[in-house]
Amino acid sequence: MPFSYSNQLSTIIGFAEQQRPESILDIGVGIGQYGFLLRTNLENINLFEIEGSNARQRSKDQWKIRIDGIEGYAGYLTAVHDYSYSQLMIGDARK
């Protein structure tokens, strides 16, 4: 299953916000909803550089939190994964 039930999301993201991790490993990323929510909720101010009315997305090397992921089925991957994850590996997580 490439997604999680919505009633789990706020509990898990809330827990991560309390823990303030420097790195996360998401095993079985599916459609990438945890990576996206973790990135936007934990990284927030580091995602964009804003000067007056101008803004630009910061490059990944300026992010403060490392979110890596492993997915066994490449067919689930979308542009969300490129945006959310520091590094994404395709394959068997046991290896």
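Let's start with Leu42. Setting aside residues up to four places away in sequence, Leu42 touches Ala16, Glu17, Pro21, Ile24 and Ile65. Contact here means heavy atoms within 4.5 Å.

A word on the source. This is a predicted model, where local features need pLDDT of at least 70, side-chain atom pairs count only at pLDDT 80 or more, and totals for chains, interfaces and linings use all residues. Residues are numbered from 1 along each chain as its sequence is written, and side-chain values use heavy atoms, with hydrogens and water left out.

Back to Leu42. This residue belongs to the largest nonpolar core, which has 11 residues in all. By nonpolar core I mean a set of buried Ala, Val, Leu, Ile, Met, Phe, Trp, Tyr and Cys residues joined through side-chain atoms within 4.5 Å. Buried is under 20% relative accessible area, exposed is over 50%, and partly exposed is in between (1.4 Å probe, protein chains only). In soluble globular proteins, nonpolar side chains tend to be buried together.

Now helix 2. Which of its residues are buried? Gln33, Tyr34, Gly35, Leu38, Arg39, Leu42 and Glu43. They pack against helix 1, strand 1 (23–27), strand 4 (66–71) and helix 3 (79–84).

Next, the whole chain. We have three helices and five strands. The order from the N terminus is α-β-α-β-β-β-α-β. Both kinds of element are DSSP runs, numbered from the N terminus: helices are H or I, at least four residues, and strands are E, at least two. Of the 95 residues, 28% count as buried. Take contacts between residues at least 6 apart in sequence: 55% of them join residues at least 24 apart.

Overall dimensions. The C-alpha trace spans about 45 × 25 × 20 Å along its principal axes.

Last, Pro2. It sits in the segment before helix 1. Pro2 is partly exposed, at 22% relative accessible area. Leaving out residues up to four places away in sequence, Pro2 touches Gly30, Ile31, Gln33 and Tyr76. The C-alpha atoms of Pro2 and Glu71 are separated by 9.6 Å, with the two residues 69 apart along the chain.
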